[in-house]
Amino acid sequence: MTSFSIACDIVKKLSSLGFIAYFAGGWVRDFLMNRSSDDIDIATSASVEDLQRIFQKTIPVGVSFGIIIVVEQGHQFEVATFRKDEGSRDGRRPISIEPATPEKDAERRDFTINGMFYDPIEKKILDFVQGREDIKLGVIRAIGNPHDRFLEDRLRMIRAVRYASRFHFSIETETLTAILDHSHMLFPSVSIERIWNEFCKMGAFPHFDTALITLHRLNLLPIIFTELKE
């Protein structure tokens, strides 16, 4: 079985038990852009405890944040409880979380193109953040207040550039301004390992040179490589 069909079975199983469950994030974006992807994340109203009870094999990767890995037929799927984040502890992780509706869960995500859900049972997109419109426009736009999104997780500033270069999108004006305002706050909240991982992902797609130029223009590259400040 393909990862898609197995993920569909996970959603169907949760739905049969009375829970809401959708595909979430990057897979939905890629689906709308006619790009193939086997990296399927699932968002659900089921709690971590529910998931551990329902599925035979799970890996507790982020239980305190409502995230768990469900292993089915050798495939791993990140399954997360719909949540609302409360505050930011260190520019990376929320102080606390609480269960939420799909609409509220979408609001705490990073960019509109990543904030949509897909219901594989009804075969429909659920878009509470106008992500589909921004894909058509070819823009990277933070969900809600961009200053809040970047203060919650400062790596998102790097990710905005990665997505813009990968898809050849522009970064929306308010999102761009917020990155310029907060670029000096990248460290120490974000580890160099996380930044290196983003660079590796950028390098896997075309326009890496454009990404580097954009990082420099947004004052992020001189923060990462201090020799460039002069």
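Phe4, Phe23, Trp27, Phe31 and Tyr118 form one aromatic cluster in this protein, where rings of Phe, Tyr and Trp (for Trp, its six-membered ring) are said to pair if their centres lie within 6.5 Å. The structure is a predicted model, in which local features need pLDDT of at least 70 and side-chain atom pairs count only at pLDDT 80 or more, while totals for chains, interfaces and linings use all residues. Residues are numbered from 1 along each chain as its sequence is written, and side-chain values use heavy atoms, with hydrogens and water left out.

A search of the whole structure finds 17 aromatic pairs, and they are sorted by the angle between their planes, under 30 degrees counting as stacked, over 60 as edge-to-face and the rest as tilted. One of the pairs joins phenylalanine 4 and tryptophan 27, which are stacked, with 5.8 Å from centre to centre and 25° between the planes. Phenylalanine 4 belongs to helix α1 (residues 3-16) and tryptophan 27 to helix α2 (residues 26-32), so this pair ties together parts that are 23 residues apart in sequence. Helices here are DSSP runs of H or I with at least four residues, strands are runs of E with at least two, and both are numbered from the N terminus. To describe how covered a residue is, buried means under 20% relative accessible area, exposed means over 50%, and partly exposed means in between, with a 1.4 Å probe and protein chains only. Phenylalanine 4 is partly exposed because its relative accessibility is 36%, whereas tryptophan 27, at 8%, counts as buried.

Another pair, formed by phenylalanine 111 and phenylalanine 150, is tilted, with 6.4 Å between the centres and 55° between the planes. This pair links distant parts of the chain, since phenylalanine 111 sits in the loop between α4 (102-107) and β8 (117-119), and phenylalanine 150 sits in helix α6 (residues 146-152), 39 residues apart. Phenylalanine 111 counts as buried because its relative accessibility is 1%, and phenylalanine 150 is buried with a relative accessible area of 0%.

Leaving out residues up to four places away in sequence, aspartate 30 touches Arg35, Ser37, Arg166 and Phe167, where a contact means heavy atoms within 4.5 Å. Glutamate 172 is located in the loop between β11 (170-171) and α8 (173-182), and it is buried because its relative accessible area is 14%. Apart from neighbours within four places in sequence, glutamate 172 is in contact with Ile140 and Arg141. Arginine 93 lies in the loop between β6 (83-86) and β7 (96-99), and with a relative accessible area of 34% it is partly exposed. The C-alpha atoms of arginine 93 and arginine 194 are separated by 14 Å, although the two residues are 101 residues apart along the chain.

The backbone also has some details to look for. Phenylalanine 187 and proline 188 are joined by a cis peptide bond, with omega about 5°, and proline 188 lies in the loop between α8 and α9 (192-203). Histidine 168, which is not a glycine, has a positive phi of about 60°; this histidine 168 is in the loop between α7 (156-167) and β11, and it is exposed, with a relative accessible area of 59%. Asparagine 219 is not a glycine either, and has a positive phi of about 65°. Asparagine 219 is placed in the loop between α10 (208-217) and α11 (221-224), where its relative accessible area of 39% makes it partly exposed.

Finally, the whole chain can be considered. The secondary structure comes to 11 helices and 11 strands, and the C-alpha trace spans about 60 × 35 × 30 Å along its principal axes. Buried residues make up 49% of the 230 residues. Among the contacts with a separation of 6 or more, 60% are between residues 24 or more positions apart.
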